[in-house]
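Dear colleague,

Please find below the structure that I am handing over to you. I would be grateful if you could look through it alongside the notes that follow.

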Amino acid sequence: MKRNIAFPSGIRVLTLLSMLTSCTKQEIKLADKSTDLDSSPSVTTSAIANPRWSVTGKLFEQGAAGSFESVAVKDPSLVYDGGRWHVFYTGTDGNQWKMGYVNSPSLFDMKSEPRRFMNSLNGGGYFCAPQVFNFPAKGKWFLIYQSGLGATYSTNTSVSNYGGWAAGKGMGFNDGIDFWCIADNSYVYCFYSAQDGSKTIKRRRTTIANFPNGWESPTIVATDTFEAPHVYRNKADGKYYMMVEDIGRYFELWTASNLNGTWTKVSETWAAKSNLTERNGHWTDQVSHGEILRSGSNQLMEINNIDRCEIFMQGVVNGNYSSYIRIPYDLGLMQNF
């Protein structure tokens, strides 16, 4: 994601920790190559407000000198399909925001896999903060991201064909960043961060038939917050949960009974440095932009259990970096069980 704002004085720029939250059983085989999460979600009445988290070491780091990702990798979105993890992410060389792709049978082997620059999107020097999902009713895979067009989408018939993504097209609005789409049986909703300094999260919707166009006017669903709203349907209790990154670089958690409903805050510091243990040495002071590992890959954005999940997230050690685009973020996996 890209923010056209200055950091408040006295706040050091924190390292973005890419967090994947996983609530699925797909023979996922993660850090120890043997993780196999329960596919039958247990019953829960509400999310735990302040769970304990632990995080791996760095699983994916910035690329070689001279590459589009030589300074940082961040903003991951991923799905498990065809026996492999397909990870889309933002990369930067300290001057421009661009998008990359990598796939691997295990998140712990990503470093050894070839990295791909997403040049087919034809995004110029600014296209980033991706979200990927399959939309069976449309017969296509979708990438949702931000670019000079504002909210942007691209389509493909195969998630593994990194060169097959169509050039990006605008979705008809540009009043924010970090665009995130999720559907119910009738509508597709887009949640995103306002970029007017209001510290609010906005929501638009369109019919499934009209998606990815035809959006209604926005409404404000959360205030006194910051950016990167990611919304999921939790199978364990049937509720929707939205994790939002606060400017202090931690995740808040919000909930609603339906996507068009009223959102209330569950926790200010659902996932933060204060309740995080690093398992393989110190590499992050932040819990920043990440995605929960989903139970599927489609537009419903379902997870099995918010209280037993994993997040692929970005992180970094706090430092006095010259600008946001030069913060050397890396990615790791954290879990709350």
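The model is predicted: local features need pLDDT of at least 70, side-chain atom pairs count only at pLDDT 80 or more, and totals for chains, interfaces and linings use all residues. Residues are numbered from 1 along each chain as its sequence is written, and side-chain values use heavy atoms, with hydrogens and water left out.

Backbone geometry

Most peptide bonds are trans, and most residues other than glycine have a negative phi. Against that background, F211 and P212 are joined by a cis peptide bond with omega at about 15°. P212 lies in the loop between β13 (201-207) and β14 (219-222); helices (H or I, at least four residues) and strands (E, at least two) are DSSP runs, numbered from the N terminus.

Two residues with positive phi also deserve mention. N122, which is not a glycine, has phi near 55° and sits in the loop between β6 (116-117) and β7 (127-135). D224 likewise has a positive phi of about 55° without being a glycine, and its place is the loop between β14 and β15 (227-234). N122 is exposed at 64% relative accessible area, and D224 is exposed at 58%. Here buried means under 20% relative accessible area, exposed over 50%, and partly exposed in between (1.4 Å probe, protein chains only).

Strand β11 (residues 176-183) is mostly covered, with eight of its eight residues buried. Six bridges join β11 to the antiparallel strand β12 (residues 187-194); two strands pair if DSSP finds at least two bridges between them. The two strands form a hairpin with three residues between them, and C181 has C190 of β12 as its bridge partner.

Salt bridges

The structure holds 14 salt bridges, each defined as a side-chain nitrogen of Lys or Arg within 4 Å of a carboxyl oxygen of Asp or Glu. One of them joins D175 and R204, at 3.3 Å from N to O. This pair links distant parts of the chain, 29 residues apart: D175 is in the loop between β10 (169-170) and β11, and R204 is in strand β13. D175 is partly exposed at 21% relative accessibility, whereas R204 is buried at 13%. Together with K202, these residues are linked in a network of salt bridges.

Among the others, R294 and E291 meet at 2.6 Å, N to O, and both are buried. D75 and K74 have their closest N and O atoms 2.9 Å apart; D75 and K74 are also buried.

Yours sincerely
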